[in-house]
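Please have the sequence and the structure at hand while reading.

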Amino acid sequence: MRARQRELGIPESFEWVAETTPALRAAAEESGLAVHEHPLMVLDPGAPAADVDGVSGKVPVRIVGADDPILPGALAVPHLAFAEPGTQVGLAGTPQLTEAIDACVADGSVERAVVRVRAGLTVVAAAVEHGSVLSAGQHQPLAGVSEIVGVGTLPAARRRGLARAVTAALVADARSRGAATVFLSAGDDDVARVYARLGFRRVGTALIAEPAE
């Protein structure tokens with residue numbers, strides 16, 4: 001499979017649930033891949049809807065359309081967030097965001113996202129202050145199920161409840177589209193506790209295998 005991925009020019013990456021396919025980890029590691037663990041969480045169907053405005057305070061959160069000028073920023077912020085993992089305030093701020101936006105435009109990420117948003121395959125939410133995206137994320141709805149992915153906050157803007165507010169907006173949108181199951185993989189246990197406050201509970205362990213750096 002890795003040889004085929006290289007042939008097609010796509011990332012050598014695998015994602016699966018540890019509890020359902022326990023033998024795959026050893027096989028992935030033997031092939032030279034590094035395996036990372038993430039809490040797999042699902043939204044309790046009875047969880048009450050969160051007050052997005054109450055969570056985010058004075059920073060408004062909105063669903064981002066395909067033609068919204070903030071879409072590139074909403075796609076770029078998570079890249080900076082994942083480069084500085086965790087929940088503590090980090091270094092990357094507005095200057096780095098400008099560079100990340102340029103990179104997303106250059107590599108075609110924005111163009112691909114526009115197509116998916118218009119097709120209803122991806123929904124983007126963002127917390128925006130003074131015209132700049134501080135936090136953003138997505139959900140991918142399909143046949144009554146949606147996965148929340150790529151939620152991240154600009155490291156310099158952390159500890160303000162913005163990721164939680166973005167997640168609440170994504171949950172509300174997923175439910176409005178008829179999603180009966182909403183799930184996600186948290187970055188680590190600290191991040192999982194943020195999602196737990198919105199009604200998500202851990203149901204397993206997501207494993208992601210990729211080439212070791």
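With which residue does Glu12 form a salt bridge, the closest N and O atoms being 3.0 Å apart? That residue is Arg6.

## Basis of the report

This is a predicted model, in which local features need pLDDT of at least 70 and side-chain atom pairs count only at pLDDT 80 or more, while totals for chains, interfaces and linings use all residues. Residues are numbered from 1 along each chain as its sequence is written, and side-chain values use heavy atoms, with hydrogens and water left out.

## Salt bridges

Side chains of opposite charge can pair when their charged atoms come close. A salt bridge here is a side-chain nitrogen of Lys or Arg within 4 Å of a carboxyl oxygen of Asp or Glu, and a search of the whole structure finds eleven of them. Glu12 also forms one with Arg2, where the closest N and O atoms are 2.7 Å apart. Because Glu12 lies in the loop between α1 (2-8) and β1 (14-17) and Arg2 in helix α1, this pair ties together parts that are ten residues apart in sequence; helices (H or I, at least four residues) and strands (E, at least two) are DSSP runs, numbered from the N terminus. Glu12 counts as buried at 16% relative accessibility, and Arg2 is buried with a relative accessible area of 18%, where buried means under 20% relative accessible area, exposed over 50% and partly exposed in between (1.4 Å probe, protein chains only).

Another salt bridge joins the side chains of Arg118 and Asp67, at 2.6 Å from N to O. Arg118 lies in helix α6 (residues 109-119) and Asp67 in the loop between β3 (61-64) and α4 (71-83), so the pair ties together parts that are 51 residues apart in sequence. Both Arg118 and Asp67 are exposed. Through shared partners, salt bridges join Arg2, Arg6 and Glu12 into one network.

## Nonpolar cores

A nonpolar core is a set of buried Ala, Val, Leu, Ile, Met, Phe, Trp, Tyr and Cys residues joined through side-chain atoms within 4.5 Å. The largest has 51 residues, and those with the most contacts inside it are Ala126, Ile148, Tyr195 and Phe200. Helix α7 (residues 162-176) gives the most to this core, with eight residues. Apart from this core lies another, of seven residues, among them Ala18, Leu33, Val35 and Ala209.
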